[in-house]
Amino acid sequence: MNDAELKSWTWVMPDGHSSNDWGLYRRRLEALAERRGWELVTLGTVASEPLLMLRTGAGSTNVPHLLVAGGFHGEEPAGPWGVLEYLEHAPLEQLSRVQLTVLPLVNATGFRAGTRFNAFGENPNRGYLGLPGENPSREGVVLLAHGDPLLEAARDGLLTCHEDVLLSHAYVYSCEPADAPGAFSKSLLAANAAHFPLHPDGTVDGCRVTDGLVFNHYDGSFESWLMKLGVARAACVETPGQHPIAQRIAAQRAMIEVFTAGA
Ligand SMILES: [Zn+2]
């Protein structure tokens with residue numbers, strides 16, 4: 001673990017609230033679910049904080065089933081806020097054409113503290129596949145216990161919303177059952193590139209990145225787990241933490257729109 005991983009990262013949002021305001025986040029999410037009649041359930045708790053899941057949309061099995069998940073890492077707040085803003089503004093007509101399930105903020109203790117890992121120093125995006133030296137976090141244990149419903153929810157696509165706090169370039173990890181990236185990967189990359197310069201070719205976090213994309217990389221992450229279980233495609237989008245928080249939230253929201261509209 002390096003210094004950046006131990007540090008607390010928070011930003012002041014355009015409305016004056018702090019990016020780690022979990023109380024405000026929950027109030028807005030609960031009010032939205034209530035207003036729209038969307039089901040908001042608690043999958044489990046970690047340090048007394050709920051791990052929430054929201055279901056919107058058709059409630060039909062004949063439409064694409066999509067899962068969006070944010071807030072695995074607490075120093076990456078644009079994901080959860082982007083998810084919330086997407087849901088608050090999403091055209092209901094768009095939502096009616098899919099079955100969208102959302103894990104808006106997986107790591108509440110990390111989010112509140114502005115730290116990458118949870119309050120127990122665990123990484124909520126590792127340990128899903130039992131790789132050597134990796135144990136699931138407490139959040140991971142909760143999600144692993146819901147494998148069947150999460151697989152069903154992500155059947156036709158998974159999007160996870162991350163940030164890279166140290167960078168000023170954006171990039172995307174994507175997995176598709178193909179030798180080369182298709183429209184799914186390219187549309188998310190284009191939406192990210194509309195907001196930020198893309199990462200130069202080379203390596204990022206030990207992975208080969210080409211044209212801003214890390215393609216078909218597998219590790220012990222949530223997205224690798226669900227791909228192994230059989231979801232059709234998955235992406236993990238990364239916005240750069242060195243840019244203003246409002247711009248990062250807007251980019252996250254735009255990528256969720258592209259993901260949902262393209263299904
Ligand atoms: Zn992350």
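# Helices and strands in one predicted model

Hi everyone. Let's start with two helices: α2 passes α3 in a left-handed crossing. A crossing is called left-handed if the near helix is turned anticlockwise from the far one by less than a right angle, and right-handed if clockwise. Residues are numbered from 1 along each chain as its sequence is written.

A word on names: helices (H or I, at least four residues) and strands (E, at least two) are DSSP runs, numbered from the N terminus.

Back to our pair. Two packed helices are described by the angle between their axes and the distance between the axes. How do the axes of α2 and α3 cross? Helix α2, residues 22-36, has its axis come within 11 Å of that of α3, and the two cross at roughly 25 degrees. (Axes are lines fitted to C-alpha atoms, for helices over the stretch in contact, and angles run from 0 to 180 degrees between N-to-C directions.) That angle makes α2 roughly parallel to α3. (Under 35 degrees counts as roughly parallel, over 145 as roughly antiparallel, 65 to 115 as roughly perpendicular, and the rest as oblique.)

Which residues meet there? From α2 we have Y25, R28, L29 and L32, and from α3 they meet P80, L84, L87 and E88. (Contact here means that the C-beta atoms of two residues, placed from the backbone, lie within 7 Å.) By class, this contact of α2 with α3 has six nonpolar, no polar and two charged residues. (Ala, Val, Leu, Ile, Met, Phe, Trp, Tyr, Cys and Pro count as nonpolar, Asp, Glu, Lys and Arg as charged, and the others, Gly among them, as polar.)

Helix α3 has another partner, α10, which spans residues 245-261. The axes of α3 and α10 come within 8 Å and cross at roughly 55 degrees. That makes α3 oblique to α10. This crossing is right-handed. On the α3 side, A78, G79, W81, G82, V83, E85 and Y86 take part, and on the α10 side I245, R248, I249, Q252, R253, I256 and E257. Sorted by class, the residues of this contact are seven nonpolar, three polar and four charged.

Now the sheet. Eight strands form an open sheet with mixed pairing, in the order β1-β2-β4-β3-β5-β10-β6-β9. Why is one side of β1 and of β9 left without a neighbour? Strands β1 (39-46) and β9 (213-215) stand at the edges with a single partner strand each, so one side of each has no neighbour in the sheet. From one strand to the next, the twist averages 15 degrees. Helix α3, residues 78-89, packs on this sheet and touches β3 (65-70), β4 (99-103), β5 (157-164) and β10 (234-240), and its direction makes about 130 degrees with that of β5.

Let's walk along some pairs. (Two strands pair if DSSP finds at least two bridges between them.) Strand β3 runs parallel to β4, with five bridges, and H65 stands opposite Q99 in β4. Five bridges also join β3 to β5, again parallel, and there L66 faces G157 in β5. Seven bridges link β5 and β10 in the parallel sense, with H162 opposite E238 in β10. Then β6 and β10 run antiparallel over five bridges, and C175 stands opposite A234 in β10.

How many residues of β10 are buried? Seven of the seven, so β10 is largely enclosed by the rest of the structure. (Buried means 20 or more other C-beta atoms within 10 Å of a residue's own, exposed means 12 or fewer, and partly exposed is in between; C-beta atoms are placed from the backbone.) A234, C236, E238 and P240 point one way from β10, while A235, V237 and T239 point the other way. Strand β3 is largely enclosed too, because six of its six residues are buried.

Conventions:
This is a predicted model: local features need pLDDT of at least 70, side-chain atom pairs count only at pLDDT 80 or more; totals for chains, interfaces and linings use all residues.
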